[in-house]
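Here is a short briefing to read alongside the structure. Take a look at the model first, and then we can walk through it together.

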Amino acid sequence: MSREVLAREAINHAFKALKKRHLIEEGAHAPAYIALSRPIISQGSEWKEKAENLEMELQQCYKAQSRLSEQLVVEVAESRALKASLQEKEMAIAELEKELNQTRDECSQLKTDLEEKIRALELLMVEHQELKAQLEQMAIKAKNAEAENKMLVDRWMLQKMQDAERLNEANALYEDIIERLKASGLEKLAREQVDGIVRRSEDGAEFFAESTVPSVCSHRINAHEGGCASILFEYNSGKLISGGQDRSVKMWDTGTGSLTHNFSGCLGSVLDLAITHDNRFVIAASSSNNLFVWDVSSGRIRHTLTGHTDKVCAVDVSKVSSRHVVSAAYDRTIKVWDLQKGYCTNTIIFHSNCNALCFSTDGLTICSGHVDGNLRLWDIRTGKLLSEVAAHSLPITSISLSRNGNVVLTSGRDNVHNLFDVRSLEACGTFRATGNRVASNWSRSCISPDDNYIAAGSADGSICIWSISKADIVSTLKEHTAPVLSCTWSGLGKPLASADKNGIVCTWT
């Protein structure tokens with residue numbers, strides 16, 4: 001039951017109680033009514049008193065009724081407020097029940113989706129297992145195919161190597177026959193002497209002339225940007241080859257000072273150059289850790305010899321055969337290369353870096369100059385050290401072999417130039433001059449073709465020329481304004497060429 005109904009029942013009960021009380025009081029005052037029929041004069045004061053009492057009780061009843069009415073109003077207001085609150089809560093409960101039903105529906109849908117996903121995942125796992133099994137089978141097949149391919153490649157390479165070896169043997173035999181024929185003819189012609197000139201008339205042979213002391217700069221060529229570290233002449237020719245910091249190798253006509261060839265493709269600065277005795281190939285030692293071999297006739301790169309792990313600072317070609325090349329790098333190795341095959345055939349490892357090297361005239365020995373100042377001789381076939389000598393107190397920068405192959409010239413950072421007998425490694429002469437200072441670790445000096453003079457550049461831009469027989473300076477050439485890095489003499493006896501740190505090349509006659 002609501003509180004409003006309870007309040008109404010309470011009010012009715014209160015009225016009934018008042019009425020009952022009133023009836024009881026009427027019964028209690030019945031004697032008074034009876035007495036009214038009697039004369040009331042004597043009882044007037046008593047009745048008046050009772051009337052006043054009754055009036056007061058009636059007033060109290062009215063007050064009680066008023067209080068009960070006020071309480072009833074309050075209770076009715078509270079009942080209405082509670083009813084409104086109850087309705088709001090019932091509406092909230094209805095909304096929550098609705099949301100709960102929606103949530104249950106969503107949960108049911110998600111559960112259905114999850115079951116479908118689980119079934120799909122199980123299907124994918126089954127497919128994955130099948131694909132994995134197929135992949136394993138394919139991997140086994142690929143491994144077998146790779147092994148078979150490797151075996152076929154090995155057999156093919158073996159066959160190619162055998163073919164190459166047979167071809168190389170045939171070429172070597174042919175070159176040996178040609179060399180013997182040349183040697184037999186040259187030995188006869190070398191005895192002839194006309195006007196101080198010994199001539200070799202066969203094709204590709206060298207012309208020897210008595211060297212003259214140069215005094216005049218015939219050509220000043222702006223050859224390279226950033227410096228020119230290496231120059232050399234072709235055999236039997238006045239053509240000069242230069243290599244510079246600008247990663248280019250160029251060929252010049254020293255008669256006119258004009259450029260005749262430009263060999264491109266080098267990936268680093270050119271630190272040294274060599275040319276085969278038939279003038280077919282030019283080899284450049286590069287700071288890019290590689291050697292580059294150009295075909296002179298086409299101007300294209302024939303080989304890129306890779307294997308060094310630091311800059312290659314020296315290179316030379318065998319004077320007996322154009323097949324063998326030797327190089328030195330700052331990875332503490334000296335490597336022997338086969339130009340026909342295009343790869344390294346032997347590697348010599350030593351604790352001291354090599355700055356310069358050259359082949360002996362028989363092509364069986366390598367002469368090397370090292371950072372520790374020692375001159376060393378190596379057997380090219382076994383790679384064993386044959387002998388060594390303390391040539392300089394500071395690093396060796398240059399090695400140059402005499403025409404007859406009996407004497408080797410070394411230059412060092414101690415500003416001394418020494419001659420050593422290759423057979424005994426005994427010193428044959430020492431050359432130095434006031435103001436002549438070696439400019440770098442790869443400054444190249446040279447011996448004249450007739451083995452009578454030595455030329456060496458200096459850090460002050462001058463070039464000193466010593467007479468070997470007199471052991472004294474016979475000329476000082478001054479044209480360069482930067483340190484001279486390289487000197488080389490033409491095999492024809494003249495001109496002398498020099499290159500400096502600014503990339504200027506001068507020819508002297």
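Of the 509 residues in the protein, 39% are buried, where buried means under 20% relative accessible area, exposed over 50%, and partly exposed in between (1.4 Å probe, protein chains only). This is a predicted model, in which local features need pLDDT of at least 70, side-chain atom pairs count only at pLDDT 80 or more, and totals for chains, interfaces and linings use all residues. Residues are numbered from 1 along each chain as its sequence is written, and side-chain values use heavy atoms, with hydrogens and water left out.

**Confidence**
- The mean pLDDT (the predictor's confidence in each residue, from 0 to 100) is 86, and 90% of the residues reach 70 or more.
- Over residues 191-207, however, the pLDDT is below 50, although this stretch has 29 contacts in the model beyond near neighbours in sequence; a contact means heavy atoms within 4.5 Å.
- Where pLDDT is low, the predicted coordinates should not be read in detail.

**Overall make-up**
- The protein has 3 helices and 28 strands; these are DSSP runs numbered from the N terminus, with helices being H or I of at least four residues and strands E of at least two.
- Among the contacts with a separation of 6 or more, 46% are between residues 24 or more positions apart.
- The accessible surface comes to about 29200 Å², and 54% of it belongs to carbon and sulfur atoms; the areas come from the Shrake-Rupley method with a 1.4 Å probe, and for residues only the protein chains shown count as cover.

**Backbone points to check**
- Most residues other than glycine have a negative phi, and most peptide bonds are trans.
- K494 and P495 are joined by a cis peptide bond with omega of about 5°, and P495 sits in the loop between β26 (484-489) and β27 (496-500).
- N236, which is not a glycine, has a positive phi of about 60°; N236 belongs to the loop between β2 (228-233) and β3 (239-244) and is partly exposed, at 26% relative accessible area.
- D451 also has a positive phi, near 60°, and is placed in the loop between β22 (446-447) and β23 (453-457).

**A nonpolar surface patch**
- Helix α3 (residues 44-189) gives the largest share of the patch, 4 residues.
- Y343 lies in strand β13 (residues 343-349) and is partly exposed at 39% relative accessibility.
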